[in-house]
Amino acid sequence: MLEFSYDALPGRIVFGRGAARQRLAGEVDRLGSSRLLLIATASEEAKARELLTPVADRIVATFAGVRPHVPVAVAEAARAMAAEVGADALLSVGGGSTTGTAKAVALTTGLPIVAVPTTYAGSEVTPVWGLTEGERKRTGTDPVVLPRVVVYDPELTVSLPAGLSAASGLNAMAHCVEAFWAPRRNPISSLAAEEGLRALATGLPAVVIDGADLDARSDLLYGAYLAGSAFAVAGSGLHHKICHVLGGAYDLPHAETHAIVLPHVLAFNAPGATSAAARIGRALGVADPVAGLQSLSKRVGIPTGLRDIGLRNDQLDEAVALIEPEVPADNPVPVTMVALRSLLEAAWSGEAEEEKP
Ligand code: NAD
């Protein structure tokens, strides 16, 4: 019998080829904003300026000091600029770091965000903010940081290099897979996750072959939107906890870590989440979803094991001890220290349990 509760997230989505150039001005009109603070990295700014010609007269200043993971000093500088120019809305054009900077300003000012994403991070549809101070990253959830409007335009993602596209797309795929068993999952987030996986699995290999393939870029961006939406509702589970610890403690590359660990978490959880595994397989168009994920990663150039990206075998025991307290209580399969050790061992070597001698 179905039983669930669901906090549906508000927000307007405008999706389509050429949407940034053709529809953004209308969206800014709808919001009633006349003093926009543009947030974009220095390298994105020229492109942003060109496509923002229709709203150029409403951009009162540009903040280009975006840095990865939103250092507090960057957030404060952007907030000071917003106050100084009397901004009435924030327009972010860029990846997750740029969206994150706009969220940091919205968090303390309440200014609405119009987000124009240029990667597959998905932050633009979540109410989650993140700030770093020194080595420490703080995150929180506040509806005020959720962008009011998101304009998705696949043309803006054509310049994203193959490596970054693959990494960002696989990260989105991890959001989808995990959404099937994350703590706040519901039938609607699972629907979004399944359709997101299907779109990502279609777009990803095609974009790596030809980055200018706009149909494939559209599939990937649509999948990334659904992945972000599913993740925003369902939250993070075992997979994200493992990757968060590994990334933080051993400075492993974020997207590769996700891509390598994901099939192993799926293999581990599948016996307790058979319907999720079947839906993941269906979305990927394969009978064996674990092998399907591994083969997709391989096709887009991701290494097979954590050992290939810098984790040492003698760090595994410590990693297990760091991850264990983070394990979600309602994981579909109970997670013992021994099970966690063997999951990590398999992810480290890149071999499934049964393949090991
Ligand atoms: P990013 O924004 O740092 O961008 C990566 C690089 O790609 C940058 O050098 C950027 O200038 C460049 N780039 C962006 N778009 C481009 C394009 N179209 N063409 C060429 N180059 C382009 O990285 P990201 O992966 O988009 O985002 C990662 C950040 O987002 C992390 O800090 C992560 O924690 C955060 N994030 C937050 C949430 C959330 O819900 N709050 C969700 C996902 C990710």
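**View 1. Residue classes in the shell around the ligand.** The shell around the ligand in this predicted model is made up of 5 nonpolar, 11 polar and 4 charged residues. Ala, Val, Leu, Ile, Met, Phe, Trp, Tyr, Cys and Pro count as nonpolar, Asp, Glu, Lys and Arg as charged, and the others, Gly among them, as polar. Of these 20 residues, Gly96, Ser97, Thr118, Thr119 and Thr126 come nearest (near: a heavy atom within 4 Å). Helices α2 (42-51) and α4 (96-109) each supply at least two residues of the shell (helices: DSSP runs of H or I, at least four residues, numbered from the N terminus).

**View 2. Polar side chains at the ligand.** An N or O atom in the side chain of Ser97 is 2.6 Å from a ligand oxygen (polar contact: a pair of N or O atoms within 3.5 Å). Thr118 places a polar side-chain atom 2.7 Å from a ligand nitrogen, and Lys137 places one 3.0 Å from a ligand oxygen. The protein covers 73% of the 870 Å² of accessible area that the ligand has on its own (Shrake-Rupley method, 1.4 Å probe).

**View 3. Packing of α5 on α8.** The axes of α5 (residues 162-179) and α8 (residues 238-250) come within 8 Å and cross at roughly 135 degrees (axes: lines fitted to C-alpha atoms over the stretch in contact; angles run from 0 to 180 degrees between N-to-C directions). The two helices, α5 and α8, are therefore oblique to each other (angles under 35 degrees count as roughly parallel, over 145 as roughly antiparallel, 65 to 115 as roughly perpendicular and the rest as oblique). Ala174, His175 and Glu178 in α5 meet Leu238, His239 and His240 in α8 (contact: heavy atoms within 4.5 Å). By class, this contact has 2 nonpolar, 3 polar and 1 charged residues.

Residues are numbered from 1 along each chain as its sequence is written, and side-chain values use heavy atoms, with hydrogens and water left out. Local features need pLDDT of at least 70 and side-chain atom pairs count only at pLDDT 80 or more, whereas totals for chains, interfaces and linings use all residues.

Key. A polar contact is a pair of N or O atoms within 3.5 Å; within protein, one must be able to donate a hydrogen and the other to accept it, and residues adjacent in sequence count only if both atoms are side-chain atoms.
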